[in-house]
Amino acid sequence: MDWVTAENVIAVVTALLGVLVSAGVVAYERFLQRGRRLGYRVQLNTPLREADENVGDLTLRDGDIGAANGSTLVLIRIENDGARDIGQADYEQSDVFEGLKVSFDGKTVQAVVATVPRVFPRVRRHLAVAPGLRKENDAVLMPKVSLARGSYFKLLVQLSDRVAEDEIELARTLKETEIHRNHSRSVDDKTPTFSPAARNIALVLAACVVTLATIIVARDNPPPIGCAKGTLKVTGSTAFAPAMRQLKTKYEEDCEGATITVEPHGSTAGIRELATAGEASGSGGSGGTGGSPAIVAFSDGRKPGGFPQLRENMVAVSLFTLVLNDRTPVENLSVDQIRRLYSGEIDNWNQLPGGPNLPVLLISRDANSGTREVFQRRVLGRNEPANSSRDCENRDDRTAPVTRCELDSTAQVLAMVARLPGAIGYTELRAVSGQKGLHKVAIDGRVPNVDELGASTYPYREIEYAYTWGEPPADSLTSSFLTYIRQGRGQDVVRGQGHLPCATPKGLRICGEG
């Protein structure tokens, strides 16, 4: 189990802690903290002077509020600050009173007024229901008032004498409801958007994320399993060359003492170079320590026949695409039309719907190219016609059915297609990114897309293979580099270069199909 490292264990434990804390808080609120909450607080407590007092437009009153020597005005806010609504059905029957009651420790209630925000019309209606809001000696009685979460009303009470805030008590006949004094930073402060539990969850999850990020970013990057020192040459496919160079850079960063050179010359050329080096080493493909060459050859598709000593490793699924010069506004070609273009049956683009009056120019790769081999096998179903042009524009062989030239690399093909009107070529998909003067062409209405591999029958694709001369020694740089690509961080590099690693679940299925 290669993933069982100290960093991974810490990461998993931290993530589980975040999930468990979140689940625990939710369970506590839902199953343990089931009671409703009714909060109240005193917002005003002041004696009245012998002067006219402006108390605003007050309704639902019992008694007249005004100036009186020795009297005190008290403003009380009553609100549902819990997680559940309070309805009239939640009140219990009582012989003493039904609803809510505020008492003032022996101070006679001279008058009381209720004020209700317009956004809570149901609260206003319930307070008006008989017997309604009323005073009784040292208490204010209220009927059964429904309070949705966050709703509130206020009582302005005139008392016969001064009263301390802790002498003001709220009672209720509600079932499973907690009565408590709450607090606000300012008068009429709104109920917080997030509950304390929600804030606690957010803090715990934030702490988990920070911890995970610290593990990933701040840790002293350990080398991948099986780092090896020495020198290694990587050759073969030019289509896979960007991924090769990135893999070389990443491996050398992770593994001190490794030196890797990348020299892509085409899939077939790379296979032949590996075979020549293996035969010269005299190891016979045994993979022993006696001279197995430190070379890895990448190939678009399986190697040609005649090289039994080479050992193959499936690396990734690569996608390829046809490209057209932008002066040819054709966006889709059927396989039949492609075959007719490459046979010379169609030699001018005006022979296709929407095509301009431009001669067809076939920009191809040389015989060492794996990209060409894949195109011939997967799309054409036969070999390309003979080379008929040295400059890709003028036909040297007048008897040839079509103008066709061969170039040494993907970069040369892209540059020539972008320069010549009427030119068509092929390339590895990722290489087209950022190129000007040309565009990709769909095949039978299907566009190349790594994310749709498996669901799409796009034909121009192939498995990328890495070949070695026999089985390389387990402690060699060759073996370590291949492991890095198939199982280590190299998979991220391969994926980032637009290929689908064979070691992924989807990649395993597609690579297994061949």
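Helices (H or I, at least four residues) and strands (E, at least two) are DSSP runs, numbered from the N terminus. This is a predicted model, where local features need pLDDT of at least 70, side-chain atom pairs count only at pLDDT 80 or more, and totals for chains, interfaces and linings use all residues. Residues are numbered from 1 along each chain as its sequence is written, and side-chain values use heavy atoms, with hydrogens and water left out.

Q: In which helix is the place of V12?
A: Let's start with the chain, which holds eleven helices and 21 strands. V12 lies within residues 6-32, and that helix is α1.

Q: Is V12 buried, partly exposed or exposed?
A: Buried means under 20% relative accessible area, exposed over 50%, and partly exposed in between (1.4 Å probe, protein chains only). V12 has a relative accessible area of 40%, so V12 is partly exposed.

Q: How many residues of strand β8 are buried?
A: Strand β8 covers residues 152-159. In a regular strand the side chains alternate between the two faces of the sheet. Here Y152, K154, L156 and Q158 on one side of β8 and F153, L155, V157 and L159 on the other are all buried. The number of buried residues in β8 is thus eight of eight.

Q: Which residue in β8 is the bridge partner of I76?
A: Two strands pair if DSSP finds at least two bridges between them. Strand β3 (residues 72-79) pairs with β8 in the antiparallel sense over eight bridges. The partner of I76 in β8 is L155.
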